[in-house]
Amino acid sequence: MRVFRAIGRLVKGTWWLFVGMVTTTKHFLRRAITIQYPKERFEQWPRFRGRVAMVAGDDGGHKCTACAQCIRVCPAACITLERHKEGGVKGFVVDGYVIDIGLCIYCGLCVEVCNFDALAMVPEYEMSVYDKAELVYDIPKLLSRQLEPEFKK
Amino acid sequence: MAGLPLDHIADKIKDAVGDVVVEVNEGDRVPFVRVEANAVARVARFLRDDGELAFDFLMYITAVDFPDEDKLTLVYYYFSYQNQQSLMVKADVPRQGGTARSIAHIYAAADWLEREVYDLFGVTFDGHPNLERILTPEGFEGHPLLKDFASEDYVPFPDKMPGK
Amino acid sequence: MATDTAIHTQEFQVNMGPQHPSTHGVFRMVLTMDGERVVDCEPHVGFLHRSMEKMAENRLYIQFLPMADRIDYLSSLFCSVAHCQAVEQLMEIEVPPRAKYLRTMFMELNRIASHCIFFGVFALDLGAVTPFLYGFRERELTMDLLEMTTGQRITFNYPRFGGVAADLPDSFFAVAEKFLKVFPGRITDYERILNENEIFLARTKGVGVVDGARAINYGWSGPNLRASGVNFDLRQNMPYEAYGELGYEAVVLSNGDCYDRYLVRILEMRASHALIKKCLEGLPDGPIVKEKVSKFPKVPAGEVYARVESPRGDYGLYLVSDGTNKPYRYKLRTPSFNNLSMIREMLPGVYLADVVPIFGSLDVILPDVDR
Amino acid sequence: MIIHPVLSWLNEWWQGVVATYGLPSCFVPAAQMVVHAILIGGFIAVLVLFLIWLTRKVSAHIQQRFGPMRVGWHGSVQTVADALKLMQKEDTTPRSCDRPVFNIAPFLAFAPTIVAFVVIPFGDGAIIRDLNIGVLFLFAITTINVIGVISGGWASGSKYSLLGGFRSAAQLVSYEVPLVLSALGVIMLAGSMKMGAIVDAQSRIWFVAYQPLAFVIYIIAATAEVNRTPFDIPEAEQEIVAGFNVEYSGMKFAMFFLAEFANMFLIAAIAATLFLGGWRGPWLPGEFWFLAKSFAIVLLLMFFRWTYPRLRVDQLMSFAWKFLLPLAFLNLIITGLILVLI
């Protein structure tokens, strides 16, 4: 009996080893599913949260009203805003708005809380630089890339 | 909460371990039994070994710091697979030099959990086989989860809200 | 404990980690070895300690939401759902049914993603490289689905207090349909490569056996516990979100060895696949988020324990609130921490080569251990 | 059929040169040796470059990737680029190592492989020395490289490499036995240890038809012999990081690498010669058939490597001694009985 069982196990073992080989061979004959990154790129899904950008208004400028909701919600404390009150103007005047992309964690909460649609996440993910200081984005830099129309909600 | 009523459990603890139950709180969401700090190990052993209760699963041990009341509340959270019921046992120890009996020999899970509480809160556990820091590096000073923790390296979360 | 032979043997220590190909992160074991056999093991954790609990105490509830994703980055949705559940229970918010279903569905997708990684990494631990890539291939499919809805591939930041952040996009259904169609075949491929493979069986059957009582005593939970024969799954026993309506039957095996811990996860992938299908079929209409919930809530004082069944086990969050907008105490019960604590008892007596599958079969993830 | 005439022509021409200018006659064999050495060295270099590229491509396509694509057509020159990079790398030597042994180990591992190519028949007459103890020489010489592996593992002064070295020693000693025994059946059939004679004996039917069991044993033992998965425990990356070569870098590492791949081809070439009729084949030149058969075996080994998990060290040993060895003996006895009876 033991001999038969041993032979049975041998046959079964060999069979499954063979099945494994068949599976890999099957995959060997299939097309590769990866892409050649810098030459080809994935198309981003419309909601992809790349880096934060400021949305340009009709005049090309930013739409920020310096309400500081984004600063209040930012979990990484990467946004800095300077503002002041001016006589005759309702609300605040924006002096400076800086996002340190090196600190940003791409959670998208700032975009969500912004009541004036002044911020958006653009599908940009190649932000490597040689100097960390270049990762600090000021208003012109934040305005430099806009959402393509089809990416808008 | 499904399972046995809390009063019943508290009574059983009183019968078995003695008059160590300080408070029985049905609470809103997490009912708990507060016991004396020197009795946590005896209570733990009873809770595990009693056939009816059978709290065989120690989910976690932690502590909550109350600097205003100058106490640390140790929290033991048990679960019983038999009754599908959980039970929280609390015990108050002083903030400085708080100590409790280790339950590592009753629940093996308590080994690391007690080390964690020791590491982060500074509560010592008597009879623990290897009470060393676990999460923070060796030679670390202080106990980070105390509310008044201060260190040169510790930078609190910055408040970046601009002035008016 | 050197073997009792005439030949004089000397024990030596091998420092496995913190940088080692198969410690899945930064975990250090000091192994005392007698030849190829392990005599003693001294685990060291904490290399990835970020003091998440302290971070939570310093942040608003909403601010910690994306941080919760980073506690266990392979199953990040579970951590943030637990965070939301705790806050919702304290604030007594009822989540709309559609949001419940969406959360459930994406948690199951996330579970598949996590188990795919387990499959790949476990095979890699045993020296088979190819399944690793296959596991990642299927993970990409789930990631696609998650990305098109939530906007990110790993750290989703998807649930919100009282619901979820976004509804399904229109293109979702076609992609999901495709995924649901191909995925069972892919699991069959996994099974063909490993399940009955004689070498794989020899390496995993009877290795690292843990019985149910011991597993419970060590605080094991999740697939590891179910592999040891304990029939307990929060989705089945204490349903949350939409699991109660969907119904779920836990996958339970009995041997408690590395092979069963592997098989439980493979079977759970199939179960999750069925759950996702059910979710999509029964997806109710309605709002995705409860109205009039502040983004910056002041949470009423009290304490709460939220429990979800993460791919690694019983993920819990003990939240003490003092009525302000920041947590007073935020205790994370991470399953990996408890699952890993037995490693010291499991290793003595096994071969060095078995250390890797035993450790791998626990499916711990070090940020989850160290927090 | 290609190499042989060229070599003969070269030889005749050189003999003519020697005769014309009245050079000493020992110049003839000396020049021959130099030519042979260059041929083998060049062949191995090109072969290994190709094999590494092939491994990467095969593994990539099994895993539904592309593999190297950038350098050259489909990454064909990638290995050259990698070799150049390896040469430029810093040659680190750990402080705790046994320096002379550490330095010599890579060459000890690599040299026997080159020597073994001396008795491989690449084609009709394309064999450098058709020794009459060819097979014995082959197995004797390939065993030497384990000394390089052990000494490399020992001299590195790292516990991982030491474990790797020990594992390698145990494994190679165990698997050498079934390997040789499986080849013995072929030798009995051919009645000679001469490689040429063995190939000639297969002019009608390949020995794999007579010795299927031996062929299987040979493939398994050979996989173990060259440390390929599922028997790659000496360099099990997940357990002992990289085993014996964990402390090596730069060219010394490249030597080990070279030895591994050259060995893989060598073991496949032996299989092709002993079991698959060597260079014999219809229409096309013998060199082609020889390479085709060898590469078929190499591909098989590669598919093993990318499909199977790895055995544990004790399972490996018991598999060799309790399973392969009795089977090899059984095969030998059956072969002997049949030879006696017929």
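Student: In what order do the five strands of the open sheet in chain B stand?
Tutor: The model is predicted; local features need pLDDT of at least 70, side-chain atom pairs count only at pLDDT 80 or more, and totals for chains, interfaces and linings use all residues. Residues are numbered from 1 along each chain as its sequence is written, while chains are lettered from A and ligands numbered from 1 in the order in which they are written. Strands (E, at least two residues) and helices (H or I, at least four) are DSSP runs numbered from the N terminus, and two strands pair if DSSP finds at least two bridges between them. The pairing in this sheet of chain B is mixed, and the order is E1-E2-E5-E4-E3.

Student: Which strands of chain B stand at the edges of the sheet?
Tutor: An edge strand here has a single partner strand, so one side of it is left without a neighbour in the sheet. The strands concerned in chain B are E1 (21-25) and E3 (57-66).

Student: Which residue is the bridge partner of B:Val24?
Tutor: E1(B) pairs with strand E2 (residues 32-35) of chain B in the antiparallel sense, over four bridges. The partner of B:Val24 lies in E2(B) and is B:Val33.

Student: What angle does the direction of helix H1 of chain B make with that of E1(B)?
Tutor: Angles run from 0 to 180 degrees between N-to-C directions, with axes fitted as lines to C-alpha atoms, for helices over the stretch in contact. Contact between two residues requires their C-beta atoms, placed from the backbone, to lie within 7 Å. Helix H1 (residues 6-17) of chain B packs on the sheet and touches E1, E2 and strand E5 (85-94) of chain B. Its direction makes with that of E1(B) an angle of about 170°.

Student: Is A:Ala66 buried, partly exposed or exposed?
Tutor: A:Ala66 lies in the loop between strand E1 (51-54) and helix H2 (69-73) of chain A, and has a positive phi of about 60° although it is not a glycine. A residue is buried if 20 or more other C-beta atoms, placed from the backbone, lie within 10 Å of its own, exposed if 12 or fewer, and partly exposed in between. Because A:Ala66 has 19 C-beta neighbours inside 10 Å, it counts as partly exposed.

Student: How many residues does chain B give to its contact with chain C?
Tutor: Chain C contributes 30 residues. The number from chain B is 25.
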